[in-house]
Amino acid sequence: MAEPAGLHATTLRLTGLRKSYGAGTAVATEVLHGIDLELGRGEFAALIGPSGSGKTTLLNLIGLLDRPDAGSVAIAGDDTQWLDQGALTELRGRAIGFIFQYHYLLPVFTALENVMMPVLAARGRLDRAMRATASGLLERVGLAAWSDHQASQLSGGQQQRVAIARALAMNPVLVLADEPSGNLDTGNADAVFDLMRDVNENVGTTFLIVTHDPRLAQRCDRIIELVDGRIVAARANADVLPGSPAAGPASSP
Amino acid sequence: MRLNPLGRFDVIVALRFMREGFMQTTLIVLGVALGGGVIIFMSALLSGLQTNIIHRTLNYQAPIRIFAPDQVARPLRQAGPAAVASQVQPRAQQRRSIDQWQRIRADALRIDGVVDATPVVAGPGFAQRGDATRAVSIIGIDPASYFNVIALDERIVAGTGDVGPTDIVIGTELAKDIGTAVGDKLVLALANGAMTTLSVRGIFDFGSKGINESSVYIALRSAQSMLDLPGGAASIDVRVRDPFAAETIAQRIRGSADVHVDSWISANAQFFSAMSAQILANTLIRVFVGITVALGIASVLVVSVVQKSKEIGILRAMGTARGQVLRVFLIQGGVMGLIGALIGSLLACALATLLGILAAVVPARRAAQLDPAVAIRG
């Protein structure tokens with residue numbers, strides 16, 4: 001932690017990551033067989049692969065929600081291998097934002113409170129500054145008018161946008177999105193995708209998006225394909241649709 | 001704002017979770033309230049009852065009384081090799097003063113928990129007025145210290161209890177029996193024929209017919225000379241701060257001097273063991289009600305944790321520490337307990353008030369139906 005996390009050129013580095021379930025029993029299965037991967041600052045990458053290929057397991061390891069059996073995860077230059085639970089939690093809150101398929105807002109809180117929650121959890125008590133920051137984020141995702149609505153009263157697309165605002169609340173270096181548009185119609189899916197792209201370009205946040213939708217994957221700078229626990233292809237996306245905002249700054253780290 | 005506990009992350013989340021599960025929260029708060037109400041009500045009822053009984057018991061009885069040691073018969077014949085068949089008759093106990101009672105009183109006063117100790121000389125006699133004669137027990141007191149031990153002064157219904165050398169204080173029953181009022185003279189006689197005329201200085205009512213009938217109080221010096229114990233004290237009556245410590249203090253006095261010590265606990269052993277059993281039962285009930293309440297809160301929280309597992313997962317993913325999640329649920333338990341206890345206290349108060357009103361119905365109706373003409377005449 002010598003330098004601020006956000007300034008490191010490599011946002012994520014995975015080395016020889018292995019993970020098996022049911023270790024020690026007769027049915028132990030290795031899900032990930034040695035994953036090496038590097039994501040640079042400001043990258044916008046898609047993670048694709050068939051069901052059961054280990055995408056969610058990989059995402060959990062990257063998100064520090066689970067620990068690998070072998071190999072290491074480094075977030076913005078910080079090797080997490082030797083961190084204890086408390087330090088992992090702290091790093092997760094500070095450096096990583098999550099967006100899930102089922103938006104997973106806290107239903108009893110308002111949109112604004114949901115966005116404030118990560119900062120509130122990190123600082124321990126409410127202050128005016130965090131309310132202002134959260135308002136700004138809601139405005140950015142186009143929901144300023146809905147800030148005092150309960151999360152359960154918002155539509156699916158709106159909830160997902162609140163979730164994006166929440167993921168950005170701690171100004172993380174990396175946002176992990178697990179099928180962020182999987183539960184939305186095409187219009188809303190595009191809107192959510194555009195929003196993530198917009199944040200990526202304007203703020204420089206690195207995104208890793210798990211998706212089943214080839215159309216959306218095609219719009220990412222890079223496509224990482226996972227099959228049976230191995231990365232079979234990690235290529236810069238040559239087919240980025242012409243005219244898409246992704247075409248320009250993708251190569252500049 | 002900075003110090004406001006409502007701005008804390010864990011408090012905010014806990015309160016919101018409780019509001020979400022409003023039905024559960026309400027039910028368990030009601031459960032805690034009922035349990036707490038029962039505990040408080042029972043405790044109040046029983047401790048009130050207990051205080052009342054102790055108060056009545058110790059009304060005219062000192063918690064600890066110190067006497068001269070019993071006189072024993074000593075056979076002259078020493079135990080030798082030969083077996084001797086003997087029948088030793090117990091000695092008749094003479095009225096005696098406690099040896100060096102001033103020193104023993106001073107020692108007793110130094111014991112922690114002792115409020116006051118007062119010398120008393122008591123003996124049997126007769127109260128006479130005209131043709132009426134009643135057997136009484138004469139109690140010679142030093143009013144200043146005696147009133148600290150037995151609240152005779154608070155029991156006076158006419159005159160005062162402050163007896164001088166030629167005064168006597170008698171009970172309401174005796175006053176009625178021999179027809180005396182404050183200021184009247186009566187003759188106090190002893191079995192040996194000694195008699196003295198005293199003026200009634202006050203009339204007391206201890207709420208016990210036996211005592212009101214047979215106890216008379218005179219000045220310590222008068223009693224000493226009448227009962228032939230000049231300068232002596234037949235007993236030292238001791239008041240202690242905590243009635244339940246009486247036996248312990250009695251043992252300390254017993255250990256420090258050659259005297260015979262009675263505590264109200266050993267004197268009322270049966271009553272006391274009944275009361276101890278009642279206290280134990282009361283405690284057990286409270287403990288079990290308490291456990292039931294705690295189990296109720298726990299079961300609600302267990303369900304809540306299962307219901308909220310998704311939310312907890314999100315909070316953890318967002319960087320919420322384990323300790324924070326732990327506190328969210330601890331706070332919920334605490335708040336439910338607190339609110340339940342507050343409502344329970346109110347409930348207990350309401351219940352006690354209601355019972356009080358019910359208990360007062362009969363006397364109140366009698367009071368209301370009193371015929372003014374009869375009452376004034378009577």
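Predicted model: local features only at pLDDT ≥ 70, side-chain atom pairs only at ≥ 80, totals over all residues.
Good morning. I shall begin with charged pairs. Side chains of opposite charge can pair when their charged atoms come close. Over all chains, a search of the whole structure returns 27 salt bridges. I have selected several of them for discussion.

In chain A, consider Arg197(A) and Glu201(A), whose side chains form a salt bridge with an N to O distance of 3.4 Å. Both residues belong to helix H6 of chain A, residues 186-203, and they sit four residues apart, about one turn of the helix. How does the accessibility of the two partners stand, buried or exposed? Arg197(A) has a relative accessible area of 3% and is therefore buried. Glu201(A), at 31%, is partly exposed.

In chain B, the side chains of Asp10(B) and Arg327(B) meet in a salt bridge at 2.7 Å, N to O. Which elements does this pair connect? Asp10(B) is in helix H1 of chain B, residues 9-20, and Arg327(B) is in helix H13 of chain B, residues 322-369, so the bridge ties together parts that are 317 residues apart in sequence. Asp10(B) is buried, with a relative accessible area of 3%, while Arg327(B) is partly exposed at 36%.

A further example from chain B is Lys176(B) with Glu173(B), a salt bridge at 4.0 Å, N to O. These two residues are three apart in helix H6 of chain B, residues 172-178, which means that about one helical turn separates them. Lys176(B) counts as exposed, because its relative accessibility is 62% and the threshold for that class is over 50%. Glu173(B) is buried, with a relative accessible area of 17%. Beyond individual pairs, Asp190(A), Asp194(A), Asp213(A), Arg215(A) and Arg219(A) are joined into one network by salt bridges that share partners.

I turn now to the contact between the chains.

How many salt bridges cross the interface of chain A and chain B? The rule finds one. A salt bridge with one partner in each chain is that of Arg16(B) and Glu113(A), whose side chains meet at 2.7 Å, N to O. Five residue pairs are in polar contact between chain A and chain B, both residues having pLDDT of 80 or more.

Next, the strands. In chain A, strand E1 (residues 10-21) pairs with strand E2 (residues 29-40) in the antiparallel sense over nine bridges. Within this pairing, Thr29(A) in E2(A) is the bridge partner of Tyr21(A). E1(A) is also joined by five bridges to strand E4 (residues 70-75) of chain A, again running antiparallel. There, Leu12(A) has Ile75(A) in E4(A) as its bridge partner.

In chain B, strand E1 (residues 64-67) and E10(B) pair antiparallel over four bridges, with Val261(B) in E10(B) as the bridge partner of Ile66(B). Side chains alternate along strand E10 (residues 260-263) of chain B.

Finally, two backbone angles. Asp228(A) has phi near 50°, a positive value in a residue other than glycine. Where is Asp228(A) found? Its place is the loop between strand E9 (222-227) and strand E10 (230-236) of chain A, and at 56% relative accessibility Asp228(A) counts as exposed. In chain B, Asp228(B) has phi near 65°, likewise positive in a residue other than glycine. Asp228(B) lies in the loop between helix H8 (220-226) and strand E9 (235-240) of chain B, and counts as exposed at 62% relative accessibility.

Thank you; I welcome your questions.

Technical notes
Residues numbered from 1 in each chain as written. Chains lettered and ligands numbered in written order. Heavy atoms only, no water. Buried < 20%, exposed > 50% of the residue type's maximum accessible area, 1.4 Å probe, protein only. Polar contact = N/O pair within 3.5 Å; in protein donor to acceptor, adjacent residues only side chain to side chain. Pairing = 2+ DSSP bridges.
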